[in-house]
Amino acid sequence: MVDKLIELLESFNYPVFRQGSLAPDEPYPETFITFWNRDEADHSDYDNDTALVDWTFTVNVYSSDPDLVYSLLDQVRTLLKSAGYTITDRGYDLTSDEITHVGRGMVVMYLETL
């Protein structure tokens with residue numbers, strides 16, 4: 001499921017990183033997307049076999065262009081919804097380790113049938 005999310009996020013042609021994986025001495029790209037797997041929970045266990053997995057991720061956009069943070073996150077939301085993800089919030093502000101960048105994120109969920 002992580003590979004599927006990365007593939008969708010990479011379609012925007014910006015670097016995609018697991019949240020927190022950028023090395024401290026590595027410069028921030030002008031715009032980039034991060035993700036974090038917050039949870040994956042089994043559901044519908046029948047005869048000791050899982051039928052559904054509920055994946056929960058945070059997806060974040062960082063950029064030196066504050067307007068792009070909002071518009072790109074909206075585009076990401078639209079793409080992920082069309083790919084079957086459930087997104088219940090419109091986004092939230094994030095702190096950034098670089099004064100030149102702002103961030104915005106959202107929680108996305110996917111119910112995988114096994």
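Five strands make an open sheet with mixed pairing, ordered β1-β2-β3-β5-β4. This is a predicted model: local features need pLDDT of at least 70, side-chain atom pairs count only at pLDDT 80 or more, and totals for chains, interfaces and linings use all residues. Residues are numbered from 1 along each chain as its sequence is written, and side-chain values use heavy atoms, without hydrogens and water.

**Sheet**
- β1 (16-18) and β4 (92-94) are the edge strands, each pairing on one side only.
- Strands are DSSP runs of E, at least two residues, and helices are runs of H or I, at least four, numbered from the N terminus.
- Two strands pair if DSSP finds at least two bridges between them.
- From one strand to the next, the twist averages 35°.
- β1 and β2 (residues 31-46) run parallel, joined by three bridges.
- Val16 stands opposite Ile33 in β2.

**Helix on the sheet**
- Helix α2 (residues 66-82) lies across β2, β3 (49-63), β4 and β5 (102-113).
- α2 runs at about 5° to β5; angles run from 0 to 180 degrees between N-to-C directions, with axes fitted to C-alpha atoms, for helices over the stretch in contact (heavy atoms within 4.5 Å).

**Aromatic pairs**
- The structure holds five aromatic pairs (ring centres within 6.5 Å; planes under 30 degrees apart are stacked, over 60 edge-to-face, the rest tilted).
- Phe32 and Tyr62 are stacked, because their ring centres lie 5.2 Å apart and their planes at 15°.
- Phe32 is in β2 and Tyr62 in β3, so this pair ties together parts 30 residues apart in sequence.
- Both Phe32 and Tyr62 are buried (under 20% relative accessible area, 1.4 Å probe, protein chains only; exposed is over 50%, partly exposed in between).
- Ring pairs link Phe17, Tyr28, Phe32 and Tyr62 into a cluster.

Conventions: Phe/Tyr/Trp six-rings, centres within 6.5 Å; stacked < 30°, edge-to-face > 60°.
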